[in-house]
Amino acid sequence: MQLYFRQGCEYTSIEEVTPPDDGWLEDMTGRQEITFSERTAIMLALMPHIRPQALDIFFAKNKDFDRQYTEFGGWKGRSHGDFLPTGETASFIIAGEDIEKRKAVIRMFQRDHWFYTQNILRLEGAGEGEPFLSGQLRLSEEFLNHNLVKLDKVNAMVHLMRSIVAIFLYWLGTLRFICLLCKYQLLNALSMESYIRFDWAMKRLLRNKANYAVLEGLLTTLLEEKVTIQKLLESESNQEDEFDKYNRVDMLAENSKGELVLIEIQNNNEYAYFQRMLFGASKLVTEYINRGQGYDKVRKVYSINIVYFSLGHGKDFVYHGKTEFVGIHEGDVLELSPFQKQTFKVDKVSQLYPEYYILKVNDFNRVAKTPLEEWIYYLNTGNVPENATAPGLNAVKERLKLDRMSREELNAYYKHLDNIVILRDNIETERAEGRAEGRAEGRAEGRAEKQTAIARNLKSLGMSNEQIAAATGLAEEEINKL
């Protein structure tokens with residue numbers, strides 16, 4: 001499994017593996033010239049008979065699709081529970097993705113090849129219309145009966161097969177990593193995400209002090225003052241349930257002024273989100289003051305909310321909320337006294353209260369011209385505008401590139417994106433079903449009201465309840481109540 005995860009391998013190609021050279025296979029087949037591919041195919045076909053457990057590795061599942069790897073081929077017999085190799089298995093090991101080598105593998109199982117003419121090995125059992133190489137690698141009874149008793153080189157052959165399996169696992173690990181990088185390159189080609197999504201970065205990368213520059217850039221741009229993060233504090237993200245794991249990410253930071261900055265990303269709709277913002281900020285106010293301290297020690301809180309759903313109703317894509325006291329009669333804004341300004345080192349009352357920012361990134365649909373719009377563009381698309389000047393976006397370019405991630409990180413990242421899509425789809429499906437049920441109930445109620453109105457009219461005309469019931473489908477008990 002170390003090879004599977006690309007943790008080192010002494011070979012770079014299966015053809016570098018040196019087979020036993022004492023002529024044991026030549027003696028078994030009567031052939032003096034056997035190619036590496038031919039030798040591999042025969043040994044692969046022999047393995048279920050002499051060391052079936054050596055092929056168990058081919059039962060490995062592709063976790064992306066929760067099924068075995070198609071490229072492995074193979075059968076599982078009715079009475080033989082182990083892996084039975086097929087032509088696809090041989091092609092995968094010998095040819096990999098090389099089309100010409102795959103053609104050569106197919107030629108090995110044609111009727112003019114010595115495998116067939118000497119009745120040694122052939123492909124059998126492929127269903128009608130199924131690929132040629134889907135047939136099982138099957139050694140003839142004659143070959144098996146004549147040679148199995150002679151196999152005194154089993155250990156050498158098993159060692160060789162293990163080496164070949166190790167190489168193909170290394171190759172598979174490399175292939176899957178290349179596929180992930182191709183997926184990344186395809187995203188780039190389609191003008192989709194070139195950089196890691198901000199919510200994933202908050203979960204996995206931005207908690208590292210070396211990456212604080214990204215967060216500092218966003219906050220500096222949004223608050224329009226230089227922000228330096230001193231440290232990250234414990235946030236509620238560590239207590240999220242399975243739903244919140246993909247729907248919500250939050251981070252709590254303390255800046256150089258001792259102010260608290262709560263950054264929260266929400267992927268899906270929450271109708272009481274405004275109240276949630278209030279609760280989060282209020283909770284910080286009470287939690288970050290020690291018992292017995294005066295109210296002058298209440299800390300400033302900024303609540304930064306990056307939402308990927310339609311929150312409220314408005315035309316803008318960035319909103320700022322703060323607390324002001326406006327005179328009912330004069331309309332003036334209540335201000336701090338000179339002593340309060342000097343003591344609290346602020347100019348306005350609103351600077352003492354929590355401030356809220358809402359970034360409705362899905363509503364952004366214009367060319368980014370300002371530093372804040374450049375940030376919104378990145379949050380919306382996953383791309384950084386060319387020639388961007390906003391603080392922190394250079395750090396995004398340097399540290400949040402997809403191609404800086406390892407294979408394992410890319411796997412986890414794309415699974416995260418898939419889960420977000422699935423989560424949104426489930427929510428939309430539930431809403432659609434709810435709307436459909438509501439419409440159906442409404443139609444049913446409408447039909448019932450219509451039938452009731454008809455029954456009243458018929459009753460006023462002097463028709464009997466039995467006749468009205470036959471005409472409207474209503475029960476006579478219902479008609480009696482009209």
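Predicted model: local features only at pLDDT ≥ 70, side-chain atom pairs only at ≥ 80, totals over all residues.
Which residues touch the most other members of the largest nonpolar core?

## The main core

The largest nonpolar core has 48 residues, and the ones touching the most other members are F198, I304, I306, L359, W375, Y378 and L379. Helix α9 is the top contributor here, giving 7 residues to this core. As background, nonpolar side chains in soluble globular proteins tend to be buried together.

I306 is a handy one to click on. Setting aside residues up to four places away in sequence, I306 touches F198, L218, I263, E264, I265, Q266, L359, V361 and L379. Notice that the list takes in E264 and Q266, while F198, L359 and L379 turn up again from the group that touches the most other core members.

## A second core

There's also a separate core, this one with 34 residues. Among its members are M43, A90, F109 and W114. Keep A90 in mind, as this residue returns with the α2 and α3 pair.

## How α9 meets α13

Helix α9 covers residues 212-223 and helix α13 covers residues 371-381; their axes come within 9 Å and cross at roughly 130°. That angle is why α9 counts as oblique to α13. As for handedness, α9 passes α13 in a left-handed crossing.

On the α9 side, the residues that meet α13 are V214, G217, L218, T221 and L222, and their partners in α13 are P371, L372 and W375. By type, this contact splits into 6 nonpolar and 2 polar residues, with no charged ones. Two of these names have come up already: L218 is one of the residues touched by I306, and W375 is among those touching the most other members of the largest core.

## How α2 meets α3

Now for the other helix pair. Helix α2 (residues 36-50) packs against helix α3 (residues 87-95) at an angle of about 140°, and the axes are 10 Å apart. This makes α2 oblique to α3. The crossing is right-handed as α2 passes α3.

S37, T40 and L44 make the contact from α2, and T89, A90, I93 and I94 make it from α3. Sorted by type, that's 4 nonpolar, 3 polar and no charged residues.

## Around Y116

Y116 lies in helix α5, which runs over residues 114-117. Is Y116 buried, exposed or partly exposed? Its relative accessibility is 25%, so Y116 counts as partly exposed.

Leaving out neighbours within four places in sequence, Y116 is in contact with Q110, R111, L121 and R122.

## Two positive phi angles

K345 isn't a glycine, but its phi is positive, near 60°. It's found in the loop between α12 (338-344) and β12 (355-360). With a relative accessible area of 71%, K345 is exposed.

N387 isn't a glycine either, and its phi is positive at about 65°. Its loop is the one between α13 and α14 (393-399). N387 has a relative accessible area of 63%, so it counts as exposed.

Terms used. Residues numbered from 1 in each chain as written. Heavy atoms only, no water. Axes fitted to C-alpha atoms, helices over the stretch in contact; angles between N-to-C directions. Helix = DSSP H or I, 4+ residues; strand = E, 2+ residues; numbered from the N terminus. Parallel < 35°, antiparallel > 145°, perpendicular 65-115°, else oblique. Left-handed = near helix turned anticlockwise from the far one by under 90°. Contact = heavy atoms within 4.5 Å. Nonpolar A, V, L, I, M, F, W, Y, C, P; charged D, E, K, R; others polar. Core = buried A, V, L, I, M, F, W, Y, C linked by side-chain atoms within 4.5 Å. Buried < 20%, exposed > 50% of the residue type's maximum accessible area, 1.4 Å probe, protein only.
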